[in-house]
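Let's take a walk through this fold together, from its loops to its core and its side-chain pairs. Keep the viewer open as you read.

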Amino acid sequence: MSKNKDINKQIAERIAELRLKNNLTVEKLAWKGGLSKSCVGYAVKGTFDTRVSTIAGICAALKISPAEFFSTFTEIPEIPDEE
């Protein structure tokens with residue numbers, strides 16, 4: 001098994017890092033990004049694929065570019081085998 005993290009976990013960790021750095025609750029992050037609380041909540045949990053539009057809304061709320069959002073991603077994402 002690869003030691004690389006699942007892409008959804010990487011995204012969830014990055015959202016948590018930026019949310020805490022900006023002192024935002026999930027609700028406030030969702031509101032500022034024009035997203036539903038549940039949409040951001042799923043992204044924060046990292047259990048489902050996060051849509052690009054969700055990441056774009058989160059970036060807008062944080063006033064950062066998608067490039068800045070992904071700037072800390074240094075691992076190749078793990079892609080589960082299709083069965």
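Asparagine 23 sits in the loop between H1 and H2, where helices (H or I, at least four residues) and strands (E, at least two) are DSSP runs numbered from the N terminus. Its phi is near 55 degrees, a positive value in a residue other than glycine. With a relative accessible area of 72%, asparagine 23 is exposed; here buried means under 20% relative accessible area, exposed means over 50%, and partly exposed lies in between (1.4 Å probe, protein chains only). Lysine 63 also has a positive phi, of about 60 degrees, although it is not a glycine. You will find lysine 63 in the loop between H4 and helix H5 (66–69), and at 73% relative accessibility it counts as exposed.

A word on what you are looking at: this is a predicted model, in which local features need pLDDT of at least 70 and side-chain atom pairs count only at pLDDT 80 or more, while totals for chains, interfaces and linings use all residues. Residues are numbered from 1 along each chain as its sequence is written, and side-chain values use heavy atoms, with hydrogens and water left out.

Now step back to the whole chain. It has 5 helices and 0 strands, giving the pattern α-α-α-α-α along the sequence. Of the 83 residues in the chain, 33% are buried. The chain exposes about 5,800 Å², and carbon and sulfur atoms supply 56% of that area (accessible areas come from the Shrake-Rupley method with a 1.4 Å probe; for residues, only the protein chains shown count as cover).

What lies inside? The largest nonpolar core has 16 residues, and Ile15, Leu29, Leu62, Ile64 and Phe69 touch the most other members. Such a core is a set of buried Ala, Val, Leu, Ile, Met, Phe, Trp, Tyr and Cys residues joined through side-chain atoms within 4.5 Å. The elements that give two or more residues to this core are H1, H2, H3 and helix H4 (52–62), and H4 provides the largest share, 5 residues.

Threonine 54 is buried, with a relative accessible area of 3%. Its contacts, aside from neighbours within four places in sequence, are with Leu35, Cys39 and Ala43.

Next come the charged pairs. Side chains of opposite charge can pair when their charged atoms come close. A search of the whole structure finds 2 salt bridges, each defined as a side-chain nitrogen of Lys or Arg within 4 Å of a carboxyl oxygen of Asp or Glu. In one, glutamate 17 meets arginine 14 at 3.0 Å, N to O. These two residues are 3 residues apart in helix H1 (residues 7–21), so about one helical turn separates them. Arginine 14 is buried at 6% relative accessibility, whereas glutamate 17 is partly exposed at 42%.

Glutamate 27 and lysine 37 form a salt bridge too, at 3.1 Å, N to O. Because glutamate 27 lies in helix H2 (residues 26–32) and lysine 37 in helix H3 (residues 37–45), this pair ties together parts that are 10 residues apart in sequence. Both ends are partly exposed: glutamate 27 has a relative accessible area of 40%, and lysine 37 stands at 49%.

Finally, look at the rings. A pair of aromatic rings is described by the distance of the centres and the angle of the planes. Rings of Phe, Tyr and Trp (its six-membered ring) pair if their centres lie within 6.5 Å; planes under 30 degrees apart count as stacked, over 60 as edge-to-face and the rest as tilted. By this rule the structure has 4 aromatic pairs. One of them joins tyrosine 42 and phenylalanine 48, whose centres are 5.3 Å apart and whose planes stand at 90 degrees, so the pair is edge-to-face. Phenylalanine 70 and phenylalanine 73 are edge-to-face as well, because their planes lie at 65 degrees, with centres 5.0 Å apart. Phe69, Phe70 and Phe73 form one aromatic cluster.

Notes: Contact = heavy atoms within 4.5 Å.
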